[in-house]
Amino acid sequence: GTTILNRIGRYHHPTKTWSPLANGGLNGNVEAIVRVGDNLYVAGLFTATADGAITNLNRVARYNLTTNTWSQLANSGLNGNSNAMVVHGDSLYVGGSFTRTFDNVVTNLNRIARYDLLTNTWSPLANDGLNADVNALAIAGDDLYIGGGFTRTFDMAFDVLRITRYNITNQTWFQFANSGLNSEPNRLMVLGNDLFVNGFFTRTWDNTIILDGLGRYDIANNTWAMMPGNAESRLAAQQTNAMVQVGNELFIGGNFHGTGDAVSHFFAHIYLQKWAVPAPTSDWFNSANWTTNAVPAPNTNAAIPAGAGNIQINSADVVMNDLMLNGGTLTIGVGRTLTINGILGLNGGSINGDGTLVITNCQQEGIMGGGSTSYIQTTLVRCVAPGETFNFEVGTPNGYAPVTIIDITGTGNIS
């Protein structure tokens, strides 16, 4: 059935289920969420909870995950929309279209403000903020990266063209290489030494570097580069509204309906732990063969990309949560077992060898995809449950020969 969430929801990954927050959520859009201890801090266009029970939230609110209760921030929030939020130490930085607190007590916030989590007080940034809306924020060390429609600080002392760096320790503004961007960024994200930027821009402000709405900024060397990818993947990335990295996984939300050739309505889950192409060896257990320089830990997720070549599981058994096979040939050695507890995605490539593949997920989604160009050519043990139809995406040396089982009346394994 349908679960009503009202702009914010909780997703339980092990059970893959959604549930609402207290008071039925919020009465306006949510633009950003950060977690500090047992508290979620939420920014957006809302003014109250969806049921109207808690008012004066006004674009920023605190949600306690232990007590499942909403509370307002000091000064009844802000007088304009909050579009972005990040945390640095005991400070919360908020960006948007506001100019002061909702009660008009704290002024000169002007599109970006600091909220002290210990004293529960608002304060402006240097030069009284910025002269137009802030759309995105990101943190790297003591540097706050800011993107939006602005061109100068509010007092007109510094030119900061659509994107800027603010040093929190020195409280100073810095201009980006090539003077910034020629139109507004929507979202920023830091991964390692790279700042990824998407939005409505087409090139740098000085017109020297073409970016087409999706750029990578090298923080260490202060240089811009356009992101590679086909038109469909770039369009999906440009329509991204939010991203969060959890370990070796990236969760993305936005206005897209797919990522490249994959269907994904508004929400996508990307595995950052991937087999390297090319890889120095074919050994699954060689850390140099993985993009994270680490072999996947038990019950984690990984992806094998197109062009992966041959991959050998010989020296030990492997236990995964999800494994997305997009190419290559994964060979399970004699006496070895590859166990998948979540989902095996067959989008390209094959699994063969004299070992055993075990799918413990008893639902249909235990194996997704499969076909004449991607199937299993090794011993398969698959859990099944009653009332479902199960496809066994298998084949022989002579080719693809799938098996379908219907009208199952019990739960158990089929080999």
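# A walk through the strands

In this protein, 34% of the contacts with a separation of 6 or more are between residues 24 or more positions apart. Keep in mind along the way that you are looking at a predicted model.

**Start with the whole chain.** Switch to a cartoon view and look at the secondary structure: there is one helix, along with 36 strands. The protein exposes about 18400 Å², and 49% of that is supplied by carbon and sulfur atoms. Of the 415 residues, 45% are buried.

**Next, go inside.** Select Trp284, Ile304, Leu323, Leu338, Leu344 and Leu357. In the largest nonpolar core, which has 32 residues, these six touch the most other members. To see where the core comes from, colour the elements that give it two or more residues, including strand 24 (302-304), strand 27 (323-332), strand 29 (344-359) and strand 31 (376-384). Strand 29 provides the largest share, with five residues. As background, nonpolar side chains tend to be buried together in soluble globular proteins.

**Zoom in on Ile304.** Which residues is Ile304 in contact with, leaving aside its neighbours within four places in sequence? Show the side chains around Ile304 and you will find Trp275, Trp284 and Trp290, then Ile311, and then the run of Leu323, Met324, Leu325, Asn326 and Gly327.

- Select Glu31 and Arg187, whose side chains meet in a salt bridge at 3.5 Å, N to O. This pair links distant parts of the chain: Glu31 lies in strand 3 (residues 30-36) and Arg187 in strand 15 (residues 185-191), 156 residues apart.
- Move on to Asp143 and Arg165, which form a salt bridge through their side chains at 3.1 Å, N to O. Here too the pair links distant parts of the chain, with Asp143 in strand 12 (residues 143-148) and Arg165 in strand 13 (residues 163-167), 22 residues apart. Asp143 has 15% relative accessibility, so Asp143 counts as buried; Arg165 is partly exposed, with a relative accessible area of 22%.
- Finish with Arg114 and Asp116, where the side chains meet in a salt bridge at 3.2 Å, N to O. Arg114 is partly exposed at 24%, while Asp116 counts as buried at 13% relative accessibility.

Methods
Residues numbered from 1 in each chain as written. Predicted model: local features only at pLDDT ≥ 70, side-chain atom pairs only at ≥ 80, totals over all residues. Heavy atoms only, no water. Core = buried A, V, L, I, M, F, W, Y, C linked by side-chain atoms within 4.5 Å. Buried < 20%, exposed > 50% of the residue type's maximum accessible area, 1.4 Å probe, protein only. Helix = DSSP H or I, 4+ residues; strand = E, 2+ residues; numbered from the N terminus. Contact = heavy atoms within 4.5 Å. Areas by Shrake-Rupley, 256 points an atom, 1.4 Å probe, with all protein chains shown as cover. Salt bridge = Lys/Arg side-chain N within 4 Å of Asp/Glu carboxyl O.
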